[in-house]
Amino acid sequence: MRKYNLAVVGATGLVGREILKILVERDFPIKKIKVIASENSAGKKIEFKDQKLEVITATKGVFKEIDIALFSAGTEVAKKLAPQAKKEGAIVIDNSNAFRMDKKIPLVVPEVNAVDLKIHQKIIANPNCSTIQMVMLLKPLAQKYGLKRVVVNTYQAVSGAGKKAVDEMLEQTKAYLKEEKIENKHFKHQIAFNAIPQIDTFMDNDYTKEEMKMINETRKILAKPKLAITATCVRIPVIFGHGEVLNIELKSSYKIEALKSLIKKSPNIELIDDPLNYRYPLQTDTETNDNVLVGRVRRDNSLKNGINLWLTANNLRKGAALNAVQIAENLITNNLV
Ligand code: NAP
């Protein structure tokens, strides 16, 4: 079996470390692996299987002989380094926002639109974490019933904003409990014991960039450029797992049991829906479960074919690292490397 040379760019970050873990868990066929980060981390060692990998910076030629480069180093780094990686011969799978809405670049959730990988020109975009978990559910509903309108409200974990954001929430929590002064650096407001109805910056239309990412990326992935969809994104003080409340208006009528069994049968989705026994998905469940977890499924009686439901998934894994590794696996299985 062929083995591949990999690079992980942003290997010291939250998503990068998760990528390394997942490569081991899934026994990815690796010949050689390079771990790349900023100058601040150069020379540090990262444990990987039985090796200690030295963190390097992205110097000229670093991607020569690399088959696949998994990027999780932010938009600016991706814009600078992905073209270099492509020129030096690697296929880039990028977790940032840099290329997602570029028409020539596939934006892929393997369970939903793996077919789009066929047109890749060496750069592939991984969608936003909140988008990934939502489209996993919307795809089977769209296929069976058609989508008329989608309203999503998110309850997003602080790890979605990177390592510094998690550290800030933990520091603030300690300070709050000791009745000490709370300081904000990463977030504009206190995040410990609070909810912030702003993720990313505001745009001219009063939506945040995160909200518009969910809207535009969903339309691109589902190939429904005119889908009626609106989003409100809120940061809450949980560490892992983004929660989403979805209100969906379907085009055709449905029976609630048939709809639930469709959810159950869909790939990598799990229905946890026994509210009378206190069983519904919790954000903490996503620490040990890679599926998209769906519950509280019920008819919205204010609409003709409406449903309300709640879903959650691990933002660092299915929302980023796992989805990127699945894309790499898909490229290999379909001889697209
Ligand atoms: P993070 O914890 O802040 O990590 C950022 C990584 O980028 C670190 O390894 C950092 O290295 C590296 N980096 C910074 N400047 C660099 C440079 N010039 N060259 C090479 N590497 C550089 O952030 P994260 O949460 O892992 O997120 C990474 C990316 O994934 C972002 O684009 C984010 O939007 C996206 N994403 C994140 C999530 C999530 O849930 N967190 C989900 C989906 C997508 P140092 O340690 O040396 O600074």
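Predicted model: local features only at pLDDT ≥ 70, side-chain atom pairs only at ≥ 80, totals over all residues.
Q: Which part of the chain does UniProt annotate as a domain?

A: An unreviewed UniProt entry places the feature "domain: Semialdehyde dehydrogenase NAD-binding" at residues 5–120. Over residues 5–120 the model has 25% helix and 26% strand, and the end C-alpha atoms lie 19 Å apart.

Q: How do strand 3 and strand 4 run relative to each other, parallel or antiparallel?

A: Strand 3 (residues 45–48) and strand 4 are antiparallel and are joined by 4 bridges. One point to look at is I46, which stands opposite L53 in strand 4. The two strands form a hairpin with 2 residues between them, and in the turn K49 has a positive phi of about 50°.

Q: What is the sense of pairing between strand 2 and strand 4?

A: Strand 2 (residues 30–36) pairs with strand 4 (residues 51–56) in the parallel sense, over 2 bridges. Here I36 stands opposite I56 in strand 4.

Q: How should I read the order of strands in the open sheet of 6 strands?

A: As a general idea, side chains in a regular strand alternate between the two faces of the sheet. In this model the order is 9-8-10-13-12-11, and the pairing is mixed. Strand 9 (228–235) and strand 11 (269–271) are at the edges with a single partner strand each, so one side of each has no neighbour in the sheet. From one strand to the next, the twist averages 20°.

Q: How many bridges link strand 8 to strand 9?

A: Strand 8 (residues 147–156) and strand 9 pair in the parallel sense over 8 bridges. Within that pairing, Y155 has V234 in strand 9 as its bridge partner.

Q: Which strands do helix 6 and helix 7 lie against?

A: Helix 6 (residues 209–221) lies across strand 8, strand 9 and strand 10 (242–250), and runs at about 145° to strand 9. Helix 7 (residues 256–265) packs on the sheet, where it touches strand 10, strand 11, strand 12 (292–300) and strand 13 (306–313). The direction of helix 7 makes about 165° with that of strand 12.

Q: Is Q133 buried or exposed?

A: The cut-off for buried is under 20% relative accessible area. Q133 has 1%, so Q133 is buried. This residue lies in helix 4 (residues 129–145). The side chain of Q133 reaches the backbone oxygen of H242 at 2.9 Å. Leaving out residues up to four places away in sequence, Q133 touches H242, G243, E244, V292, L311, T312 and A313.

Q: How many aromatic pairs are there in the whole structure, and how is a pair described?

A: A pair of aromatic rings is described by the distance of the centres and the angle of the planes. A search of the whole structure finds 4 aromatic pairs. One of them is Y145 with Y254, edge-to-face, at 6.2 Å centre to centre and 70° between the planes. Y145 is in helix 4 and Y254 in the loop between strand 10 and helix 7, so this pair ties together parts 109 residues apart in sequence. Both Y145 and Y254 are buried.

Q: What are the distance and angle for Y155 and W310?

A: The ring centres of Y155 and W310 are 5.7 Å apart and the planes are at 70°, so this pair is edge-to-face. Y155 lies in strand 8 and W310 in strand 13, so the pair ties together parts that are 155 residues apart in sequence. Y155 counts as partly exposed at 33% relative accessibility, whereas W310 counts as buried at 16%.

Notes
Residues numbered from 1 in each chain as written. Heavy atoms only, no water. Pairing = 2+ DSSP bridges. Axes fitted to C-alpha atoms, helices over the stretch in contact; angles between N-to-C directions. Contact = heavy atoms within 4.5 Å. UniProt positions renumbered as here; feature names shortened; annotations may be inferred. Buried < 20%, exposed > 50% of the residue type's maximum accessible area, 1.4 Å probe, protein only. Polar contact = N/O pair within 3.5 Å; in protein donor to acceptor, adjacent residues only side chain to side chain. Phe/Tyr/Trp six-rings, centres within 6.5 Å; stacked < 30°, edge-to-face > 60°.
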